[in-house]
Every structure is written in structure tokens, then in C-alpha cells.
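The sequence and structure are shown first.

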Amino acid sequence: ILNTLSEKYKLSQKREGIHLSTLIYCLTRSFFDQTAPILPTDEEVMQFSTGYGLQDLMTPKQAETPTFEKDGIVYRPDFVFPVSLNSQEALVELKTTRSGVKRYVEGSLPDTWIEYTMGGCYIRGLTTYNLSVLYVSERPSPKIVSETLIFEQPELEENWIRLLARKAVYEKGLKENTPPTPFSYCKDWECKSCRYRMMCDAIVQVKEAS
């Protein structure tokens, strides 16, 4: 079953191009995913496939799942309501979390979610992004909380400049076959369960010893 899920959602395959999510999350991990990939753990397979499976079920039939590209960055929203169904194109992101519904309240969403939605807005020339969060562990039953995120153009531009700077670091690493400096281009929580943690620790130890 785990192998089937991994194959269905291509969890062990390299992705072509530089994706928006590649730049949002740890650049060192993104580098290793492309150059020296380690197969996802059983836990990761279950987590990713659960999210993808629920996303498939919740995506409306009339929605579209296009792929866009800007400045060499590939972006694919979870789905889009086309202009024919709204006054303008509506981007939608679906998230699943095992946290309780009280974890994320208005104004306290994870930085990675905000950075990703801001990147999507910039690519599509929009200032709003629709977010639906499914709290799968909520009791007595799962709960969906939806909201529309609204951004100002200057903050979208600032976020895009930051993403382009990270893209330059990532591309340089690939060109020189040298991973971006470990623990420098990530959020602190990303290292806790990362499958590449031992590799990063080894790189740091070697540098300290030299």
C-alpha cells in the first residue's frame, strides 16, 4: 500500500524545474532532493499521500489545476476557479493539518503558507488568495476553516525579491554541485524530522574541522 501511494503521488520522483515550493522551504533539502535524494520514510509517505488524497476529493469538478511560470519559477496552485465562474480568477490552496482548530487563527498562519500564497499572487497579478484548512484530528469530527488572504502590492513585490535571491542561491548550488549552507536557508522546525539532517550535520562538522 505504501509503495502504491508513493507511486501514485510520485513521492520518490524528482521534479523538473524550480518550483515555488522549492524556494519556500529549506534550500539545502531542495538541493539534496535533486542531487542525492533519499527515499521518503513511511511516515512521510502517509502524511503526503493523505494530504494529496484529501485534496483530490475536495477539489470541485469545475475547478482547474493549471501550471504557471514566471522568472523561471514554476507554480501550480491546488486549484483555480476560472474567470467564467467569478469576476476574476480565484486561487485556492488546500491544507491539511493534525493540529487542533485553535492552532491557527486569523493572523497566525505558518510563514511558509503566507510566503507561498504571496508568491502565487505575484505570479498571477492578484492580491487575494483563498485558503481552506482541513483539521483532520479535530474532535468530534474534522473541520474546515476557510478565509481569503488579502495582500498589499509592496509586500508581494518584497516577497518576490526574496524568492529570486533564494533562487540564485539554489541555482548556484546546483551549478557548483555544492549544497546551500546547512541551517541557513530554512525554518528551525524543518530540521527536526528532516531525512537529510545527518548529511547537514556532517557538512558542518567537516567545515568546523578544516
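**Aromatic contacts and core packing**

At 15% relative accessibility, Phe-68 counts as buried, where buried means under 20% relative accessible area, exposed over 50% and partly exposed in between (1.4 Å probe, protein chains only). The model is predicted: local features need pLDDT of at least 70, side-chain atom pairs count only at pLDDT 80 or more, and totals for chains, interfaces and linings use all residues. Residues are numbered from 1 along each chain as its sequence is written, and side-chain values use heavy atoms, leaving out hydrogens and water.

**Aromatic pairs**

- The whole structure contains 8 aromatic pairs, a pair being rings of Phe, Tyr and Trp (its six-membered ring) with centres within 6.5 Å; planes under 30 degrees apart count as stacked, over 60 as edge-to-face and the rest as tilted.
- Phe-68 and Tyr-75 are stacked, because their ring centres lie 6.1 Å apart and their planes meet at 25°.
- Tyr-75 is buried, at a relative accessible area of 0%.
- Phe-79 and Phe-81 have ring centres 5.3 Å apart and planes at 80°, so this pair is edge-to-face.
- Phe-79 is buried at 4% relative accessible area, whereas Phe-81, at 22%, is partly exposed.
- One aromatic cluster is formed by Phe-31, Phe-32 and Tyr-196.

**Charges over rings**

- Arg-124 lies over the face of Phe-68, 3.8 Å from the ring centre; the criterion is NZ of Lys or CZ of Arg within 6 Å of the ring centre and within 35 degrees of the ring normal.
- The charged end of Lys-95 sits over the ring of Tyr-116, at 6.0 Å from its centre.

**Nonpolar core**

- The largest nonpolar core has 34 residues, and those with the most contacts inside it are Leu-20, Leu-23, Tyr-75, Tyr-129 and Phe-151; such a core is a set of buried Ala, Val, Leu, Ile, Met, Phe, Trp, Tyr and Cys residues joined through side-chain atoms within 4.5 Å.
- Elements giving two or more residues to this core include helix H3 (27-35), helix H5 (111-124) and helix H6 (153-176); helices (H or I, at least four residues) and strands (E, at least two) are DSSP runs numbered from the N terminus.
- H5 provides the largest share of this core, 5 residues.
- Leu-20 touches residues including Ile-73, Tyr-75, Tyr-116 and Leu-163, contact meaning heavy atoms within 4.5 Å.

**Helix H6**

- The buried residues of H6 include Leu-156, Trp-160, Leu-163 and Tyr-170.
- Their cover includes H2, H3 and H5.
- Just after H6, Asn-177 takes a positive phi of about 55°.

Terms used. Lists of a residue's contacts leave out its neighbours within four places in sequence.
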